[in-house]
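Work through the exercises below with the sequence and the 3D structure open. Try each task before reading its solution.

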Amino acid sequence: MFDIFNKKKSNVVLIYNKIVSFSRNKFFYHEARLNDTFQTRVFLIFFHLSFLLIKIKENGDRYKKDSQKIFDYTFKSIDINMRELGHGDVTVNKNMKELIKVFYNILLLSETYMQINSKKRKAFIEKYFVTNGNLSNENINHLLDYFNNYASFCFELTINSVLKGEINFKYKGIE
């Protein structure tokens, strides 16, 4: 009943809130010129979340429950947000299935992100953020630089700092 007072649950909420705050950063909409849409924000959440879940996975099976809680909370929050936007059950269920597929594709690509060359990284970014040629090469390069820095930052974190929600990523030029 009072699950909200559970320390693990509150850390999950803290982690989720950090990820959401990263996805709402003005950098994405002003410097990188992404369209400020629900889909863009969700994809940004997925990118940020993926690198953290990979970091957790690196530390072994004993953290599986923690990563599952973060995953569950994230998707429950997205579900609630879609319902608040007025989508009905059928639409939400259909969209959630599609979003889960997208998330797993992003997660799989994120696992090898640091090993792939810049051309493949660029294609990865373009796949999710370029629609109808809306971004210039310079904007895409801003995104690449951001995610290169974010991925490196995540992989340098300790497991304890991740699970405590101590994810204080600062990107140059971002307040």
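**Exercise 1.** Find the helix that holds leucine 44, and decide whether leucine 44 is buried or exposed.

Solution. The model is a predicted one. Step one: leucine 44 is found in helix α3. Step two: its relative accessibility is 0%. Buried means under 20% relative accessible area, so leucine 44 counts as buried. Step three: look at the surroundings. Leaving aside neighbours within four places in sequence, leucine 44 is in contact with Ser23, Phe28, Tyr29, Leu34, Phe129 and Phe147. Step four: compare sequence and space. Leucine 44 and arginine 24 are 20 residues apart in sequence, and their C-alpha atoms are 8.6 Å apart in space.

**Exercise 2.** Describe the largest nonpolar core: how many residues does it have, and which have the most contacts inside it?

Solution. Step one: the largest nonpolar core has 57 residues. Step two: Phe46, Phe129, Leu143 and Phe147 have the most contacts inside this core. Step three: the elements that give two or more residues to the core are α1 (7-23), α2 (26-30), α3 (38-58), α4 (64-84), α5 (89-111), α6 (118-129), α7 (137-156) and α8 (159-163). Step four: with twelve residues, α3 gives the most. As a general rule, in soluble globular proteins nonpolar side chains tend to be buried together.

Step five: take phenylalanine 129 as an example. Apart from neighbours within four places in sequence, phenylalanine 129 is in contact with Leu34, Thr40, Phe43, Leu44, Phe47, Asn134, Leu135, Leu143 and Phe147.

**Exercise 3.** Determine how the axes of α6 and α7 cross, and list the residues that make the contact.

Solution. Two packed helices are described by the angle between their axes and the distance between the axes. Step one: the axes of α6 and α7 come within 10 Å and cross at roughly 110°. Step two: angles of 65 to 115 degrees count as roughly perpendicular, so α6 is roughly perpendicular to α7. Step three: α6 contributes Arg121, Lys122, Ile125, Glu126 and Phe129, while α7 contributes Asn137, Ile140, Leu143, Leu144, Phe147 and Asn148. Step four: sorted by class, the contact has six nonpolar, two polar and three charged residues.

**Exercise 4.** Is aspartate 79 buried or exposed, and with which side chain does its own side chain make a polar contact?

Solution. Step one: aspartate 79 is found in helix α4. Step two: aspartate 79 has a relative accessible area of 12%, so it is buried. Step three: its side chain makes a polar contact with the side chain of arginine 83, at 2.7 Å. Step four: not counting residues up to four places away in sequence, aspartate 79 touches Val92 and Met96.

Threonine 74 also has its place in helix α4. Threonine 74 is buried, with a relative accessible area of 0%. Beyond its neighbours within four places in sequence, threonine 74 is in contact with Tyr16, Ile45 and Leu49.

**Exercise 5.** Locate glutamine 115 and arginine 33, then state the phi of arginine 33.

Solution. Step one: glutamine 115 lies in the loop between α5 and α6. Its relative accessible area is 63%, so glutamine 115 is exposed. Step two: arginine 33 lies in the loop between α2 and α3. Step three: the phi of arginine 33 is near 60°, a positive value in a residue other than glycine. For comparison, most residues other than glycine have a negative phi.

Notes:
Residues numbered from 1 in each chain as written. Predicted model: local features only at pLDDT ≥ 70, side-chain atom pairs only at ≥ 80, totals over all residues. Heavy atoms only, no water. Core = buried A, V, L, I, M, F, W, Y, C linked by side-chain atoms within 4.5 Å. Buried < 20%, exposed > 50% of the residue type's maximum accessible area, 1.4 Å probe, protein only. Helix = DSSP H or I, 4+ residues; strand = E, 2+ residues; numbered from the N terminus. Contact = heavy atoms within 4.5 Å. Polar contact = N/O pair within 3.5 Å; in protein donor to acceptor, adjacent residues only side chain to side chain. Axes fitted to C-alpha atoms, helices over the stretch in contact; angles between N-to-C directions. Parallel < 35°, antiparallel > 145°, perpendicular 65-115°, else oblique. Nonpolar A, V, L, I, M, F, W, Y, C, P; charged D, E, K, R; others polar.
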